[in-house]
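Good morning, and thank you for coming.

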Amino acid sequence: MIFVNEVYKYVEGKNKDALIRSITISQDKNIFYYVNLHTQFSMPSIYDMNSFLDEIEQGIVLRVPDQYIKRIEESELSVKTREKRDSDWKLISYYWENEKVSLLTKSQRGKVFETIEEQYKVSKSSVKRMFTRFWQRGMNKNALLPDYMNSGGKGKDKILSEHKVGRPKNADYEGNRSTGINITSEIKALFQNGIERYYQTKKQTSLTEVYTSIVKDFFSERYMEDGEMKYKVWDKERVPTYRQFYYWFKKMDEPTKSIIERQGRKAYELKYRPILGNSINETIGPGTRFQVDATIADIYLVSRLDRNRIIGRPIVYAIIDVFSRLVTGIYVGLEGPSWIGAMMALDNMVTDKVAFCKQYGIEIEEDQWPAKHLPEVVLADRGEFEGYSVENLINNLGIAIENTPPYRGDLKGIVERSFRTLNTKLKHKTPGAIMKEFRQRGDRDYRLDATLTLEEFTKIYIQLVLHHNNTLIAKYPVEKEMLIDSVVPIPVELWKWGIENKKGSLRSIDGELMRLNVLPKGKAVVSRAGIKFKGLMYGSQKAIQEQWFLKQATKNIEVVYDPRNLSNIYILDEDGRSYETCYLLEGSQQYKDVILEELIFMQELQSELREKQKQTQLQNDVNLEKEIEAIVSKAKKEKGSTPKLYDQSKTKKLKSIKRNRKIEKELNKLEEVFVVEELTLKQPGKVVEILQEQESEIVSENEEPTAKQKLMNKLKQKRDESRGKG
């Protein structure tokens, strides 16, 4: 099957290495229109559908990733770039919507171009170049970004010398010409400070007043006169002009922040936010419009780590195709309703469902759940898709976002009805389900009956979705053509029939590129121990090769992560398409494959256990101190009560340390010897003889004991007493 906006490459034949993009498919599905991606001016051409499918089957043509789908941050685009793109988009979108047939027809295309030339006063080559860029680069808003965004040393400051850069100033009426000053990084910082202090406030100060305040604060001499502070502006050779200030204001200003700070968030969302809904509700076929919504399931779950711990109710997201009622994406977790939850549902929307179900031990065929495509429009609630930065979906992927008006959840009735069905089935089948209408005073709290983990509940929801996709829709408005083809109003059958007989707007996308555009971003810290993120340590080949971990100073980097699996995080490359995968280091391997909620739970559990152990540890510390003090006290008493065999000076005591150590070692040998009393040996043991000899050396019957022998005898006596010999 061929879908709109897919890219194909010829790997054999006369067109080898040629790249083409499908831009539209005719209603009868016998032909489709495409453009070549490698020509300067690329106009639509017609191709027979059956012939092209044969070439795909023979391996002559392969479906390849779209090289133009990138993650482009709206805030990083210059004002000039956005203005040029938006202006071209206004022109392109109007004519593509209203003159599509003429633009696709070679004999009529020239007349449309001439009309645009006359109306917008642009050359024919400029018009062709605009449409070529639109068709070649993905037919979305960001496809029209001008190429000069990659040139001109973007992001690099000019190296300033002592001479003034920029256009020379005009001479005044006396013939004098002012040189002016260069705008250094220090002056830019002053501009930024003034913008934050005077412009981004509720006072709504004008730019000229902001400029005046900056000059007063930083480019004036202060002095007191008659007890009043006055300001004398410096000579004009030392003061930046308003034109210079305005230029840098346009480069440094953050429109969203300025509007919110000056007029409030409510005014921003009401008048200025870039995501606007509309009232178009008709659907042409599968993929024209998806509905997305979230609900809190009427059931309590337990932790997979400890089933005695109740973790609350899960959040369930569902995305449904309006035309067929087929569920195209789901998410079950603890995130939301929030952008992270919506993001994971969108990711599942383009995921192969056979592989997805297999992760949960559920084997299905592709025709049981065939949805893995992008829609044309996503209808969402006024929540996670409103006020959040969804420019990546709109501009990079060409998905229109429509938001329902306040208190009009009925506009998403299809997806909300599916949630009612879900909660109804849960009440009668699963422990821990909310039974509000049945519970009376004194009844057992249903939360205490919670038994299912998040993974087990997800399996149940997948089964409910598969059941829904193959269930008869009682009140579906069946069309005449459906009756002729004997189509039963079952979501899967409606989906298949719609693809074959309706125009539709389904588009495929590489899963990795989708994730790059919807996954949340976070800050990680690079140090000698690795890349630290959410308390886990990661490494990467790039970090090792570039010796990040050898540097002493830590640094922050931006990463993209999947809250459902923290085994890897990703560092995006500058091209917006490729990325560096970071893997868990050995010290964090115990957290492999955990979801973000589990990680937070485990970290909280560890914190609880450590806190619980603190009291016991404190008691152990006190007991240790007491034991040490008792032993020291007893030793001091025994030292004080031990009679001195002979007096020695301090010097002699210190000098005798070596001799005393030798004697103590001999005594330790006697203490540590192994004695086997009941073992009968065939021959006398040599150890016993040695001990007897050693003891005989200590004291002899025929000699008067020396001072050393007296000490050894006393030590031997103490040893025997300790052994109970008496």
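I shall speak about confidence, then a sheet, a hairpin and a pair of helices.

This is a predicted model, in which local features need pLDDT of at least 70 and side-chain atom pairs count only at pLDDT 80 or more, while totals for chains, interfaces and linings use all residues. Residues are numbered from 1 along each chain as its sequence is written, and side-chain values use heavy atoms, with hydrogens and water left out.

I begin with confidence. The pLDDT, the predictor's confidence in each residue on a scale from 0 to 100, has a mean of 77 for the protein, and 75% of the residues reach 70 or more. Helix H12 (residues 353-358) has the highest mean, 92, and helix H23 (residues 686-698) the lowest, 43. Helices here are DSSP runs of H or I with at least four residues, strands are E runs of at least two, and both are numbered from the N terminus. Over residues 171-175 the pLDDT stays under 50, and the model has two contacts beyond four places in sequence for them; contact means heavy atoms within 4.5 Å. Where pLDDT is low, the predicted coordinates should not be read in detail.

Next, the sheet. It is open and antiparallel, with five strands in the order E4-E3-E2-E1-E5; two strands pair if DSSP finds at least two bridges between them. Strands E4 (45-48) and E5 (61-64) are at the edges with a single partner strand each, so one side of each has no neighbour in the sheet. Between E1 (residues 7-10) and E5 there are four bridges, and Val 7 has Val 64 in E5 as its bridge partner.

The hairpin consists of E11 and E12, with five residues between them; in the turn, Arg 325 has a positive phi of about 70 degrees. The two strands, E11 being residues 315-321, pair in the antiparallel sense over six bridges, and Ile 320 is opposite Val 327 in E12. How enclosed is strand E12 by the rest of the structure? Seven of its seven residues are buried, so E12 is largely enclosed; buried means under 20% relative accessible area, with a 1.4 Å probe and protein chains only.

Finally, helices H2 (residues 79-98) and H5 (residues 124-136) pack at about 75 degrees, with axes 11 Å apart. Axes are lines fitted to C-alpha atoms, for helices over the stretch in contact, and angles run from 0 to 180 degrees between N-to-C directions. The two helices are therefore roughly perpendicular, a term for angles of 65 to 115 degrees. Among the residues making the contact are Trp 89 and Trp 96 of H2 and Phe 131 and Arg 133 of H5.

How values were computed:
Angles under 35 degrees count as roughly parallel, over 145 as roughly antiparallel, 65 to 115 as roughly perpendicular and the rest as oblique. Buried means under 20% relative accessible area, exposed over 50%, partly exposed in between (1.4 Å probe, protein chains only).
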